[in-house]
Structures are given as structure tokens and as C-alpha cells.
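Okay, thanks for coming, everyone. I'd like to walk you through one model today, so let me put it up on the screen.

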Amino acid sequence: MSAWQIGRWTLPGRALLAPMAGVTDRPFRILCRRFGAALAASEMITADQRLWHTTKSRQRMNHEGEPEPRVVQLAGNDPAQLAQAARLNADLGAQIIDINMGCPAKKVYGKLCGSALLGDESLVARLLNAVVEASPVPVTIKIRTGVSRARINAARIAHIATEAGVSAIAIHGRTREDFFEGQAEYDTIAAVRATTKIPVIANGDIDSATKARSTLDFTNASGVMLGRAAQGRPWIFRDVNGLLENGEIPAELLRTQIRDIILTHLDLLYVFHGETSGVRIARKHLRWYCQQHTVTEGFRSALLAAETSSLQFALAQECFGRWASVRQ
Ligand SMILES: Cc1cc2nc3c(=O)[nH]c(=O)nc-3n(C[C@H](O)[C@H](O)[C@H](O)COP(=O)(O)O)c2cc1C
């Protein structure tokens, strides 16, 4: 498989982890990178430095020990503020700056950030010119296809981005108005790819290696970005890379291997977030792991109710240990 570039970075694979606020913290990014995600952007960080003192922002800006290149995603709408935020994050170790132009959440959209930017192309141009000019590292953007189905403008945004010197563009095949409803469409992504010189990354509803293959074939994109499909299954990148590189999906992991991944994940969460937040955040991942790997209801309830890391870890050990001891 031919390597491809984002700015000066050569990427070894075509499958990327999508940024997900509340999910893709440093432990989860590290796990997905271990299983072959070629890139894993941080959860979005506000460009407003006045909020950077909060624990949430500080945690989101922490990428110690992450493999290169480290991607930090910024959200904002003020060109000077975003430019400054990009420069400062590069000083703090970001090696690619990604700008969020896709978030549909009211909290973000209402502040004219995220996907709201797609409705103001001249602001997008000013903003990207300012960030690219200020950033010592490559700049990428992540967009939806438009604000609404009546206003699909991904191709024009891609053109503006290319002119500004942006290094790659990821497109979620839904509009802001769609939120997460219906199916992502890839026609727009294919059309943008056909008229855009910088790498295009396809995103939305890619939930298996075969879907990754068919989406790459259909769109001719340089890469695919997977979000929700990695929840409870960070090793999905191994399957995708196997199929894309060798034409076949590798044999399933052994249950004992999955058990060990889950326990490693818990350890990483406790160390990174500390006792209270670690247990709370681990609960979310444990729920996904339980969904993926049918765990008996009694065990599941006890596991999700545990309030200390030692109890949560011990129950996870027992619960997934029993599950792993059943012959596959
Ligand atoms: C819980 C959650 C949080 C998300 N947070 C972000 C974010 O911080 N930045 C961003 O650009 N997209 C965010 N997204 C959108 C995803 O990156 C991705 O575009 C979307 O989930 C579609 O891809 P998927 O079908 O593979 O999940 C989020 C999605 C989810 C489900």
C-alpha cells in the first residue's frame, strides 16, 4: 500500500481515528494507535485561551507519550484567536492542527463554531489563511458536507482550504441539519475528491473493514476516519489495515487478548484521569465493551455500579476473565 502525506508527515496506514469529545482522550488515542490507527486527533479544544486553565482543557491538551504525529483539534471562529491557539498548541507539542468545522452540537453551533462555519465561506477563508500563516505545523480541517442538504458546499470549502494552504480535509458525509440521522452519503465526498488536490479523508458510518474498503473504492479518498465503530473495539484498525494492506481481515483476537486490552485500557484511564474521573470515564468504555462482548446482566450491573478503581478493576478482571475462559 502506498504511503501518503499530510504536510511533511508520511502516514503508514489509511485508517484514522475520528475525534470524539468525551471519548478520544489520550488513553483511547494511544490504544487505537497501537492497533494501527494512522492518526488520532485530540478531542476538540476551544481556541479561547481564557478556558485553558480548566482541568478539561488541560487534559485535552496533554499528549505526553503519544506516538507522532500528534494531532490537536481546535474549535473557534475568530481568526486571530484560532491562529494564536494553533501557534501555542504547536509550542506545546501539537504536530498537526485540525480545525473543527463539523460539530453540530448546539453549544458549539450556537457560538458560530464547528459546522456553523460552513455557512460563512468568507469567514472560513479568513480563518484558514490566519491559521495556516501562524501555524508552524500542517493544518487540516474536518467538515460536514454543508449546513443543510439545500446548502451542500463541501467542494467550495475544500477549494478555499486548498487555496489557504490546508494540508488535508476530512469530510463527514452528513450535513449539520442531519446531526446523526439517516445514513452518511459518500457522493459528495467522491465529488470533492475528484476536484481537490489535497488529501481527502472519508468519514461517517464506516463500521467495518469491508465498509472501509468499499468507501475508499467509491470515493477514491486517501483515507477513512472511523469514530463510533472504535468504541468498545479499538482494535478495529487492525482489521481495516489487514484488509487494505493484505486483502484479508486478520483472524479475530483471542478472548484472552481482548480481556487484556480492556484491563490495560482501565489502567491507562485511572492513571490519566485520576481515581474519580477515571472510574466515571471507564464506565462509559466498559458499557461499550459489555455491549460488544455479551456479558451477563448481573455482572454488567455490578461492574457499572462500582465506585472505586480497585473494585471496578477487580470486577472487570472477573467478568471478562470468565467471558474469556469460555471456548471460542
Ligand atoms: C460522542 C461523539 C463526540 C464527537 N466529538 C467530535 C469532536 O470533538 N470533533 C469533531 O470534529 N467531531 C466530533 N464527533 C464527530 C466524529 O468525529 C465523526 O465525524 C462522526 O461520529 C461520524 O463518524 P462515525 O460514523 O465513524 O462515528 C463526535 C462524534 C461523537 C459520536
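Predicted model: local features only at pLDDT ≥ 70, side-chain atom pairs only at ≥ 80, totals over all residues.

Residues are numbered from 1 along each chain as its sequence is written, and side-chain values use heavy atoms, with hydrogens and water left out.

Helices (H or I, at least four residues) and strands (E, at least two) are DSSP runs, numbered from the N terminus.

So, the helix pair. α11 passes α13 in a left-handed crossing. Where do the two sit? Helix α11 covers residues 275-292 and helix α13 covers 309-325; their axes come within 10 Å and cross at roughly 20 degrees. Axes here are lines fitted to C-alpha atoms, for helices over the stretch in contact, and angles run from 0 to 180 degrees between N-to-C directions. Angles under 35 degrees count as roughly parallel, over 145 as roughly antiparallel, 65 to 115 as roughly perpendicular and the rest as oblique, and α11 and α13 are therefore roughly parallel to each other.

Which residues meet? On the α11 side we have Glu-275, Val-279, Ala-282, Arg-283, Leu-286, Tyr-289 and Cys-290, and on the α13 side Ser-309, Gln-312, Ala-316 and Phe-320; contact means heavy atoms within 4.5 Å. By class, this contact of α11 with α13 has seven nonpolar, two polar and two charged residues. For the record, Ala, Val, Leu, Ile, Met, Phe, Trp, Tyr, Cys and Pro count as nonpolar, Asp, Glu, Lys and Arg as charged, and the others, Gly among them, as polar.

Have a look at Gln-312 in helix α13. Is Gln-312 buried or exposed? At 0% relative accessibility, Gln-312 counts as buried: the cut-offs are under 20% relative accessible area for buried, over 50% for exposed, partly exposed in between, with a 1.4 Å probe and protein chains only. Leaving out residues up to four places away in sequence, Gln-312 touches, among others, Tyr-270, Leu-303 and Ala-306.

Now the sheet. Eight strands make an open sheet, ordered β3-β10-β9-β8-β7-β6-β5-β4, with parallel pairing; two strands pair if DSSP finds at least two bridges between them. The edges are β3 (15-17) and β4 (45-46), each pairing on one side only.

Four bridges join β5 to β6, where Gln-73 has Asp-98 as its bridge partner.

Last, two loop residues. Ser-42 sits between α1 (26-34) and β4 and is buried, at 0% relative accessible area; its contacts include Val-71, Val-72 and Gln-73. Gln-183, in the loop between β8 and α7, is exposed at 60%, and touches Gly-173, Arg-174 and Asp-205, not counting residues up to four places away in sequence.

Terms used:
Left-handed = near helix turned anticlockwise from the far one by under 90°.
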